[in-house]
Amino acid sequence: MEARLEEDERILVPAPRRTLRLANGVAEFLAECLPACRPPTAAPFTLVVRDFHRADPTDCELVEILVRRLDPAILTVVILGAGAPPAWFRGRVPAPGAPLPEWLSGGAASARNGVTGAVPRRDGPVRRDAAAHVASECTDERSRAAYEATSPAGRARLHDLRAEELEATGEFSLRLGAVPFHRELGSDPAGRGVAALWTAVDHCVHEGFLAAVIELGARGLRLAERGSEQWWRFAQRTATALGALGRQEEARDLYEYVRRVSQDPAVHAACAYGTAMLDARHPDPAVRDLGRATGWINQAVAISSLLPDPQERAFKLGFDRNGQALIEMRQKRPARALALVESAIALADAALRDRHPVHRMVLHANRGQLLAVLGRTKEALEEYGTAIAIDPLFADYYLDRGNLLLSLGRTEDALADYETAISVSPPLPEAYYNRAELHLVMGDLESGRADLDRVLELDPGYLDAYVNRAGVLAMLGREARARDDVAAGLRLDPGNPHLLTVRGQLDVEAGRFEEAAAAFDAALTGAAGLGAAWANRGILRYRLGDPEGAAADLGRAIELGESAELYFNRAMALRDLGDEAGARRDLRRALDLAPGDPDIRAALEF
């Protein structure tokens, strides 16, 4: 939908994980298509990545996923770069000084396997003049001296010609790197250079290439007229990308710099909003300063409410109130947050007519989230439906609605939403993870495990998937694989209490009671509110002949979340302690929770 909107209506900035989805989508497309594109006896296709040590983080992520997920018999990835190979590289490294194959050592590697690159190249004998250096995108050291000896005007002219040559190919990807590079160094850096950089920044923002936004945006800020509208657009996109990638202090400094330069009220309102969100959205709750965020968002609201244009005022004020709602929600005041979101919707309905559909979509989805928190689930589902209808190809709200449906016990409807999210998005680990949880709730361990396998295929750093899969594998009796998952998860998060609890369960099953006790103790040291750790330690204590300790641990687990199993187990411990009245109370409560359980009935009749 965003492709059809005006620039000021395209307000969504994809999350940093979007590039992971895209890279997995590329890998799966190649895995399906490449085998059909070559005869069975032909050599595999080869992808050559040159100067890898200079690659953008998004490109590094793509190459890593191609190496990890594609069979070299389908696609062989050759990485050329300085320094040691990256940690994830699993191929052969040539000995120092070993000669490269002829097809790699030349300049026309793009012609390998009969595929000619889109970038014009100059074949024939190696040239060492300034034009050759510019034609290499200034990477060929053999012609650098000639380039540096050329006059500034001569160099600028060569860069202009190269930019025109690249633009004439019609290959848009060149406008994300080579074209702005040459336009910056050409004869009109403040005009055509700034325009080329903005084309790249605007595209990268909406694709979620946030590391590239930061680099390109900083270059645009240096060239654009200080304080101009274009300068502000570079600043805003760069600060947004910095915040999204966890570089909050740099983003804060950039907003402060803009405040010292600009006297535009709309710019100051946007800076105040952006600064507030750095605190409100900080991933570490302990670091969030919600008081400071409130001060900044109040300033944004105060300025936006004074903007003269009614449509601009309605949009920006609604945007700010939505930010206010997040801060209220973080402070556990959902009713006040809901009132703010509803006021933003009212502003949009009154003044924006059919403009800003993405803004409306976000507001309705946020209203749905808040209504769900307040227990108004029927209205919440209606709001999610409204948001989804605005852009049926936006996957995230299917996940949110699916989660709400699952919490209401509507498993078939939840499953349909999860599967729709999977179908409309590039490979989405979160959708498979949510579907796995649904399968586990339904008792389908094998389907849950298969979805968790898929999650970790897409994202080997998905910690919660290791936690859940380790538990599932333990229930399926696959101890060795469960231990592998526990170890892999603990490498990502040493001391993770959920993984330590699973390790303790595995040790109990293996008869390693001392190690199990140590694992449960460590889990509870890190998370005293983890009911599963209390329950499992209680069971272990009962097995080791300590009914008093078992009853105490199981009691704590019940306080955190009751279940028939917990009451039954505590009843057995209380019976061993001679507290028959307490045991029968627990058994009666267990029977309330699980009326058809024959073991509970038998224990009551004992």
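Predicted model: local features only at pLDDT ≥ 70, side-chain atom pairs only at ≥ 80, totals over all residues.
## The cavity

Start inside the protein. The structure holds one cavity of 30 Å³ or more. The space in this largest cavity comes to about 30 Å³.

Which residues line the largest cavity? They are Val 13, Val 205, Leu 210, Val 213, Arg 237, Thr 240 and Ala 241. Sorted by class, the lining has five nonpolar residues, one polar residue and one charged residue.

Two helices each give at least two residues to this lining: H9 (210-223) and H10 (229-244). H10 supplies the largest share, with three residues.

The table lists each pair with its crossing angle and axis distance.

| Helix pair | Residues | Angle between axes | Axis distance |
|---|---|---|---|
| H17 and H18 | 377-390 and 396-407 | about 160° | 10 Å |
| H24 and H26 | 497-509 and 531-543 | roughly 20° | within 10 Å |
| H12 and H14 | 265-280 and 310-330 | roughly 20° | within 10 Å |

### H17 and H18

Take H17 and H18, which pack at an angle of about 160°. Are they roughly parallel or roughly antiparallel? Angles over 145 degrees count as roughly antiparallel, so H17 and H18 are roughly antiparallel to each other. Their crossing is left-handed.

The contact has two sides. H17 brings Thr 377, Ala 380, Leu 381, Tyr 384, Gly 385, Ala 387 and Ile 388. H18 brings Tyr 397, Tyr 398, Asp 400, Arg 401, Leu 404 and Leu 405. By class, nine of the residues in this contact are nonpolar, two are polar and two are charged.

### H24 and H26

The axes of H24 and H26 cross at roughly 20°. That makes H24 roughly parallel to H26, because angles under 35 degrees count as roughly parallel. H24 passes H26 in a left-handed crossing.

Which residues of H24 meet H26? Thr 501, Gln 505 and Val 508 do. Facing them in H26 are Ala 532, Ala 533, Asn 536, Leu 540 and Arg 543. This contact of H24 with H26 divides into four nonpolar residues, three polar residues and one charged residue.

### H12 and H14

The axes of H12 and H14 come within 10 Å and cross at roughly 20°. H12 and H14 are therefore roughly parallel to each other. H12 passes H14 in a left-handed crossing.

On the H12 side, the contact is made by Ala 266, Tyr 273, Met 277 and Ala 280. On the H14 side stand Glu 312, Lys 316, Phe 319, Asp 320, Gly 323, Leu 326, Ile 327 and Arg 330. How many residues of each class are in the contact of H12 with H14? There are seven nonpolar, one polar and four charged.

## Val 261

Finish with a single residue. Val 261 lies in helix H11, which covers residues 248-261. Set aside its neighbours within four places in sequence. Val 261 is then in contact with Arg 226, Gly 227 and Trp 231.

How many residues separate Val 261 from Leu 530 in sequence? The gap is 269 residues. In space, the two are 51 Å apart, C-alpha to C-alpha.

Methods:
Residues numbered from 1 in each chain as written. Heavy atoms only, no water. 1 Å grid on protein atoms, 1.4 Å probe; cavity = no way out; pocket = protein on both sides within 12 Å on 5 of 7 lines; lining within 4 Å. Points joined across faces, edges and corners; volume = space filled by probe spheres on them. Helix = DSSP H or I, 4+ residues; strand = E, 2+ residues; numbered from the N terminus. Nonpolar A, V, L, I, M, F, W, Y, C, P; charged D, E, K, R; others polar. Axes fitted to C-alpha atoms, helices over the stretch in contact; angles between N-to-C directions. Parallel < 35°, antiparallel > 145°, perpendicular 65-115°, else oblique. Left-handed = near helix turned anticlockwise from the far one by under 90°. Contact = heavy atoms within 4.5 Å.
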